[in-house]
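Please read them with the structure open.

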Amino acid sequence: MTIELRNFEVQTSNNVNVYTFSKEEISIFIKITRESISTLKFIIEAYDNLAIIRTIDKYAATVEIISLLSNKEELLSLLISLQNEIGFNFISIPEPYQFL
């Protein structure tokens with residue numbers, strides 16, 4: 001059995017790793033308290049078509065934020081402004097998530 005890594009590129013912008021899996025889509029990974037996941041989701045989704053949030057591991061409170069490449073700067077600006085208020089950290093792509 002062969003395990004292949006997912007193809008992605010990483011760019012660092014404002015000390016945040018931004019992962020590109022396709023030409024139009026980006027992902028940012030964060031570690032947040034479990035109690036704050038819904039708050040972050042509510043705020044992000046209030047911005048129409050900015051991003052969606054997917055919880056990767058509800059116990060470890062690891063979240064992926066997915067957006068279009070064209071929304072990257074607006075999303076980063078919002079996340080950086082919310083980081084201290086909500087209390088989360090930007091993280092590298094979780095290791096198991098790198099595999100197909």
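1. Is tyrosine 19 buried or exposed? In this predicted model, tyrosine 19 has a relative accessible area of 3%. The cut-off for buried is under 20%, so tyrosine 19 counts as buried.

2. Two aromatic pairs are counted in the model. One of them joins tyrosine 19 and phenylalanine 29: the ring centres lie 5.5 Å apart and the planes stand at 75 degrees. Planes over 60 degrees apart count as edge-to-face, so this pair is edge-to-face.

3. This pair links distant parts of the chain, 10 residues apart. Tyrosine 19 sits in strand S2 (residues 16-20), and phenylalanine 29 belongs to strand S3 (residues 25-32). Phenylalanine 29 is buried too, its relative accessible area being 0%.

4. Phenylalanine 88 and phenylalanine 90 also pair, with ring centres 5.5 Å apart. Their planes are at 85 degrees, so the arrangement is edge-to-face. Both phenylalanine 88 and phenylalanine 90 are buried.

5. How do the two helices H1 and H2 pack? Helix H1 (residues 37-46) and helix H2 (residues 72-87) have axes 12 Å apart, at an angle of about 150 degrees. Angles over 145 degrees count as roughly antiparallel, and H1 and H2 are therefore roughly antiparallel to each other. The crossing of H1 past H2 is right-handed.

6. On the H1 side, the contact is made by Thr39, Leu40, Ile43 and Ile44. Their partners in H2 are Leu75, Leu78, Leu79, Leu82 and Ile86. Sorted by class, the contact of H1 with H2 holds eight nonpolar residues, one polar residue and no charged residues.

Terms used
Residues numbered from 1 in each chain as written. Predicted model: local features only at pLDDT ≥ 70, side-chain atom pairs only at ≥ 80, totals over all residues. Heavy atoms only, no water. Phe/Tyr/Trp six-rings, centres within 6.5 Å; stacked < 30°, edge-to-face > 60°. Helix = DSSP H or I, 4+ residues; strand = E, 2+ residues; numbered from the N terminus. Buried < 20%, exposed > 50% of the residue type's maximum accessible area, 1.4 Å probe, protein only. Axes fitted to C-alpha atoms, helices over the stretch in contact; angles between N-to-C directions. Parallel < 35°, antiparallel > 145°, perpendicular 65-115°, else oblique. Left-handed = near helix turned anticlockwise from the far one by under 90°. Contact = heavy atoms within 4.5 Å. Nonpolar A, V, L, I, M, F, W, Y, C, P; charged D, E, K, R; others polar.
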